[in-house]
Amino acid sequence: MLAEFLQFLFSGITVGSTYALAALGFTLIYNSSHVINFAQGEFIMLGGMLAVYFTHSGLGLPLSLVLAIVLPAIVGLVMEKVAIEPVKGAEPVTLIIITIGASLVLRGLVQIWLGKGTFSLPAFSGEQPINVLGATLMPQSLWVLGVTAVVVLCLWYFFARTLMGKAMLATSFNRVAAELVGINTDGVLFLSFAMSAALGALGGILITPITLTSYDAGIMLGLKGFVGAVLGGLGSGLGAVVGGLLVGVLEAMGAGYISSSYKDAMPFVLILLILFFRPSGLFGGKATDRV
Amino acid sequence: MSKHPYRGLTLIAAVLLLLPLVLPNSFYVDLAIRMAINAVIVLGLNLLIGFAGQISLGHAGFIGIGAYASAALPTHFGWHPLLAVVAGAIAAGALAAVLARPIFRLKGHYLAMATLGLGIIINIVVRNEAALTGGPDGMAVPPMVFGSFEISGDKPWYWIVASLLCFSIWASIILIDSPFGRALRALHGSEVASKVVGVNVLRYKLTVFVMSAMFASIMGSVTALYVGFVTPNLADFFHSIELVTMVVIGGMGSIYGSVLGAVLLTALPQALATFEGWETVVFGAILMLSMIFMPKGLVPTLAARFGKGE
């Protein structure tokens, strides 16, 4: 009983960490621009696929991982410069379509370059499972959890203690006011795309040894990250992390206790229920309309 | 609205009448049918997105309901195909109505999320309930029959779909010029302001959502009956995105934009077939470029540039 529960919990938190990182990515971009970046999932895929590509081409694991984070971040910057900045202030539907277009381009390019196969990465520190109260925990899960925790702490420090972080927060509260006090809001937007691409890629790299990856792996991962972000109240950093983890855990529990073939439906059933009963997410504040 | 709202309809009707004479083979007839089917769905979706300002990222789910009603009800329960079409439309409309009340309290991205979730759930149900739906492989659809007369082949379906398209355009024009349509546009402009002048916001949104869901379901049935086979791809997320893209590229809130968007994006994959493997990339690039350079969509942009006649 307990062992089974723990098993589901472990796998839920592990995959939930990836959702949490993706949800943070959604939140960062949403806060600086009110854009929902539907290409977020492709950054997760890019991270995993690039890590696979570089390790296979003989670069050591550490260098491969760094490249697999830096390159998606650059892709994020290019995307912002080319596709988002020229249409600043457009309708949400327009922006959504642009990011969907970008995601198709990225997915298509990776498919042409690396093919339709499914790839794996070796686990970072062996495959020897650890026994916890009858449940098995893979060392890679510890990597996922540990790195996610460190990243969340770094982000907290960044937003609470550094000038740049505070500038980003100020922009998310009130763009015009932020510009008036001299904050370069275009720079903030630029940075938020790089950061969220890097976060997504990192999540993708960490999870690849466990769930494998392929050119189309980003769609579902990204959508579930979005569910996590909305669950946490879209715009709240802490909410995104909790929301992402919650999506992962509920999905794993649902798959374990209810039906594994409806695993992918769980997050979406959950989000519909939450939106019906708490329309601004679990952690969202009460919104007021500006007329 | 233009001063001659019916000029475009007359033109489209004329084109639809003459088209079978010039189409060289059944490949093109098939393409024309699929364009017209998409055009009707997009008209309904555009009422929702363009006039009521509400985005649905799960519209393919409603198409799936209609398509699978037409496939499963006659196959498993012996229903008459026509009854199955009606049942599908009612089910889609009822689902939309039940969901609309809580969903429309939400705004912007939350609404996008809710409809997206709905679409994905419908798709997963269709993939998993293999006993009823044939699962990922899909299932055959019994043809539409009246007594001993069976509607099959592309010519009869061409005329059915062509008349449905003309009827939908006509109905949309009537609707938009009616008090109902004015209320919708007011809603898009400012929800609070329209509330203040006495528009029952929730009721209007609900009506449009239900209507567009029923449009989608009926055309889902038509697709299923015409093709004779359904697969879950009909109801997947990508199809929903394609439909929204047709609305946006043609022009939000433009009737003829809906038709043009549907025609162009249905033809696009055929045109891209020559690019071998680059289809997705080119499709994505076209989406981005047209949104960056023509955010209002083709028809409104062209109308603004050429002539103030519009």
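Predicted model: local features only at pLDDT ≥ 70, side-chain atom pairs only at ≥ 80, totals over all residues.
Figure 1. In chain B, 78% of the contacts with a separation of 6 or more come from residues 24 or more positions apart. Chain B holds 14 helices and 4 strands. Its radius of gyration is 19 Å, close to the 19 Å that the globule rule gives for 310 residues, so chain B is as compact as a globular protein of that length. The C-alpha trace of chain B spans about 50 × 45 × 40 Å along its principal axes. Buried residues account for 49% of the 310 residues of chain B.

Figure 2. B:Asp154 has 18 C-beta neighbours inside 10 Å, so it counts as partly exposed. A buried residue would need 20 or more. Leave aside neighbours within four places in sequence, and B:Asp154 is in contact with B:Ser26, B:Val29, B:Asp30 and B:Ile33. B:Gln54 gives a reference point: B:Asp154 and B:Gln54 are 100 residues apart in sequence. In space their C-alpha atoms are 35 Å apart.

**Figure 3. Chain A, its elements and its overall dimensions.** Chain A has 11 helices and 2 strands. From the N terminus on, the order is α-α-α-α-β-β-α-α-α-α-α-α-α. The radius of gyration of chain A is 19 Å, close to the 19 Å from the globule rule for 291 residues, so chain A is as compact as a globular protein of that length. Its C-alpha atoms fill a box of roughly 60 × 45 × 35 Å along the principal axes. Of the 291 residues in chain A, 51% are buried. Take the contacts in chain A between residues at least 6 apart in sequence: 76% of them join residues at least 24 apart.

**Figure 4. Packing of helices α1 and α2 of chain A.** Helix α1 of chain A covers residues 2–33. It packs against α2(A) at an angle of about 130°, with the axes 10 Å apart. α1(A) and α2(A) are therefore oblique to each other. The crossing of α1(A) and α2(A) is right-handed. On the α1(A) side, the residues are A:Thr18, A:Ala22, A:Gly25 and A:Phe26. They meet A:Gln40, A:Phe43 and A:Ile44 in α2(A). By class, this contact has 4 nonpolar, 3 polar and no charged residues.

**Figure 5. Packing of helices α2 and α4 of chain A.** Helix α2 of chain A runs over residues 40–56, and helix α4 of chain A over residues 92–114. Their packing angle is about 20°, and their axes are 10 Å apart. α2(A) and α4(A) are therefore roughly parallel to each other. α2(A) passes α4(A) in a left-handed crossing. From α2(A), A:Gly41, A:Glu42, A:Met45, A:Leu46, A:Met49 and A:Tyr53 make the contact. From α4(A), the residues are A:Ser103, A:Leu106, A:Arg107, A:Val110 and A:Leu114. The contact of α2(A) with α4(A) divides into 7 nonpolar, 2 polar and 2 charged residues.

**Figure 6. The side of chain A that touches chain B.** The contact takes 37 residues from chain A and 35 residues from chain B. In chain A, α4, α9 (218–231) and α11 (266–277) each supply at least two residues of the side that touches chain B. The largest share, 16 residues, comes from α4(A). By class, the side of chain A that touches chain B has 29 nonpolar, 5 polar and 3 charged residues.

Figure 7. A:Leu137 counts as partly exposed because it has 18 C-beta neighbours inside 10 Å. Not counting residues up to four places away in sequence, A:Leu137 touches A:Phe10, A:Pro129, A:Ile130, A:Val132 and A:Leu142. A:Leu137 and A:Glu127 are 10 residues apart in sequence. Their C-alpha atoms are 9.9 Å apart in space.

Conventions
Residues numbered from 1 in each chain as written. Chains lettered and ligands numbered in written order. Rg over C-alpha atoms; globule rule 2.2 N^0.38 Å. Buried ≥ 20, exposed ≤ 12 C-beta atoms within 10 Å, placed from the backbone. Contact = placed C-beta atoms within 7 Å. Axes fitted to C-alpha atoms, helices over the stretch in contact; angles between N-to-C directions. Parallel < 35°, antiparallel > 145°, perpendicular 65-115°, else oblique. Left-handed = near helix turned anticlockwise from the far one by under 90°. Nonpolar A, V, L, I, M, F, W, Y, C, P; charged D, E, K, R; others polar.
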